[in-house]
Amino acid sequence: MRTLLIVDDEAGVRSLVRMTLASESYRIIEASEGSGALALAREHHPDLILLDVMLPDISGIDVCRELKSDATMKSTSVVMLSAKAQQADLGDAKSAGADGYFTKPFSPIALLQKVEAILGPPL
Amino acid sequence: MEHGRSVQTRLVLGILALTVAVVTLLGSWQVIEARDSQRADIENGEVTAARLAGRALGNAVEVRLAQLSGAAAEPVVTRLASAQQWKQLSEKAPLLHLLYPGFASFDIISSTGRIEGNWASTPTVATDERTLERSFRAVVLAGGPVISAGLELASPRALVVALSVPIEGTHGQIVGVLQATVNAATLSSLVGGSGLLGDAKLVIIDQQGHPLSGPAAGTAHTFRSVAMVERALNGRTGSGNGVVPGFVGSRLVGYAPVAPIGWAVIVEAPSSTLNGPVAALTERLAAISLILFALVLGAAIIIGILLRRLSREQEKATAVLTSVGEGVVTLDETGQLIGANPALARLVGLSTAQLEGRAWSETPRALYDDEGAPVEWKDSLIATAILEHRVVASTGYSLHLAGAGGRRIPVALTAAPLATDDGRDGAVVIIRDVSHQREVDELKSSLISRVSHELRTPLTMIQGFSEILLTRPDLGAERSRESLQQIQTSSRRLGRLIDDLLCVSRIEAGRISVDLASVEVENLLSEVLSPFEAQNGRAFVTELDPALGPVLADRDKTVQILTNLVSNAVKYSPAGAPVRIVAKSAGDHAEFSVADDGIGMSAEDSTCIFDKFTRLDHPLVRKVAGTGLGLYITKNLVEIQQGHIWVQSEPGHGSTFTFSLPMAPQSLTTANRTEEPA
């Protein structure tokens, strides 16, 4: 079973992502802040993190950068979810090492396909 | 402007003066030529007359002198051998008059100055001894006869010339003087009677410049101030025009010295004697001049009207420049400031006088680029406009002007080529303070960014959940319901957001209206609190002043105000912490307070919390969705109902938002009550 970490301060968005990815193949854990996300990631080493950019405490980009520079987190992929849609934001995400970038509103099907593309088909 | 007007006046006067001068010059040419030729003739005549008169006068004096000291004097004055002879001589003085008519007086004077014998034609003639002694010494010094003038005779002054002849003793020594005086008027009439002078008058002037004949004779006038007399006294002959003391008006004067005695004679005639022969020509010329003058005057009036019209146009332009809000400055091709309007002066904190004449490079208020480096003149848009003869405008907010106190003012600049007054290339530059515009632009960007963020979140859920509902028929009843609920919540959130934006738009456009009525406070509070009370675990404590009457308010807007405040209290205070709502009377106002035990805020934050797009920099605030428009809208809704809103808060110790609304007037509440039964 694969572990997915959903990080977003909006409960509704977390709920949407959870419902999108809900299957027996995924174990889903959630965080609403950057600090909580880092703690959960280090504890559970999720296969993929769906990470909001605008978090109340620290920026999702910084969370991504920190995880990507952590040698113990090498196997974790990060896909950014953001309401920001500027080219610069995409550049920031790439430079922070993100593996994908979704702009809100996003299609749940497209998100699912992206997750499967990164992790491979569900086991 | 003042300068411009004075230039115009000078121009008009100048044109007038020049035209009149030219006309007069050209028209007078003939007269001048005629007059000059006539003047030369007359002047030559005067000179001749004066020369002849001088010579005649000199001759007359010499003749008398010769008579006195020569043969005629012989029997009287030779050598005095004895006192007896001296006595005899003295007694002969009155007889001399008979022998030598034309003399005014005879005095026989001793070496001590005593008059030994005397005869005078006028009894008032008197001389003092000192004067007579001086005459004696003059004769001794000369060793022979002396002609002197200007003797201090009391009156009349006409008796002036004295001929002093020595009286010798037996050994040849001078023992006395025989002094004879000649009446200058006599001499003058002698010369005048000779027919030498024609109609002209003769004036004899002594060495001191006193007139001895003519109308000024015997007065205190001195002719020394008359240059021509001075020249004559210095032995020169000539003529000219001048004012002669004792005569009225300008005189034509011929002058000549009287050689033997150092006097001068002037022969004078009024200058008007010239006018007769040229009078006709002058009259004609005067008429021509008058017509020309009238023409010039007419032209000047027309020019004046045109100039005044022009000046009015200029005044209008100046008034526009002075009152216009934009800074306007004119510069020449070298960057020298020619002029600046008050708006520009205000912008840079200098006076217009301080700005004018400054070079671009010397101006401490020059332009700076967006990195704060001064813009060189040659690189400036103004120089480009002048060089390329086209209008150039800046874009964006890249230019700054250094304002008073070093403040950087973002400016937009438009430079248009313009020829300066003296024909050189220059530019007129309009400089606009775009601080406010930039602020608005920044706000706009901030609004778009926030709004797009706030829109995207509910949209994400609406789009996402609806897609799930559509693509997963196997979702199950529970998940389907949850999805629909999420869609509904998000739709409401979107609706509220749009309401807020429209409300802000109406506030900014001044289009928000209020429907004031008497509103019962208790009902109002129940309406506000009922949706919140449905939430679990939160107490809403209401304190209502029983004496509080209805307020004059727009009910819906007041509900919106209270809802916003209560909603904030709920959002930014710990779950379960109570929210207190107080309504009490405060004079002619009612005060409503909403207090929480939430995150609170600093005094600094309190001052800007009602500003648009302001949200506290606090993790809890960031966690809660919001645009930063709620309190801005709340404040505006309070104020359009004649109320005030303020906040008391401390970080970590909750906030109390209080607003006031006017009480409903008695008449309105009574009216409401009477309507109620119906």
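**From chain A to a sheet in chain B**

In chain A, take the contacts between residues at least 6 apart in sequence: 61% of them join residues at least 24 apart. Two residues are in contact if their C-beta atoms, placed from the backbone, lie within 7 Å.

This is a predicted model: local features need pLDDT of at least 70, side-chain atom pairs count only at pLDDT 80 or more, and totals for chains, interfaces and linings use all residues. Residues are numbered from 1 along each chain as its sequence is written, while chains are lettered from A and ligands numbered from 1 in the order in which they are written.

Chain A has five helices and five strands. These are DSSP runs, numbered from the N terminus: helices are H or I with at least four residues, strands are E with at least two. Along the sequence the pattern reads β-α-β-α-β-α-β-α-β-α. Of the 123 residues in chain A, 44% are buried; that is, 20 or more other C-beta atoms, placed from the backbone, lie within 10 Å of a residue's own.

Now turn to chain B. Here five strands form an open sheet in the order 19-21-22-24-23, with mixed pairing. Its edge strands are strand 19 (540-544) and strand 23 (645-649), each pairing on one side only. Two strands pair if DSSP finds at least two bridges between them. Strand 23 of chain B runs antiparallel to strand 24 (residues 655-662) of chain B, and five bridges join them. One bridge links B:S649 to B:S655 in strand 24.

Finally, a helix. Helix 12 (residues 521-533) of chain B lies across strand 19, strand 21 (579-586) and strand 22 (589-595) of chain B. Helix 12 runs at about 180 degrees to strand 19 of chain B. Such angles run from 0 to 180 degrees between N-to-C directions, with axes fitted to C-alpha atoms, for helices over the stretch in contact.

Terms used:
A residue is buried if 20 or more other C-beta atoms lie within 10 Å of its own, exposed if 12 or fewer, and partly exposed in between; C-beta atoms are placed from the backbone.
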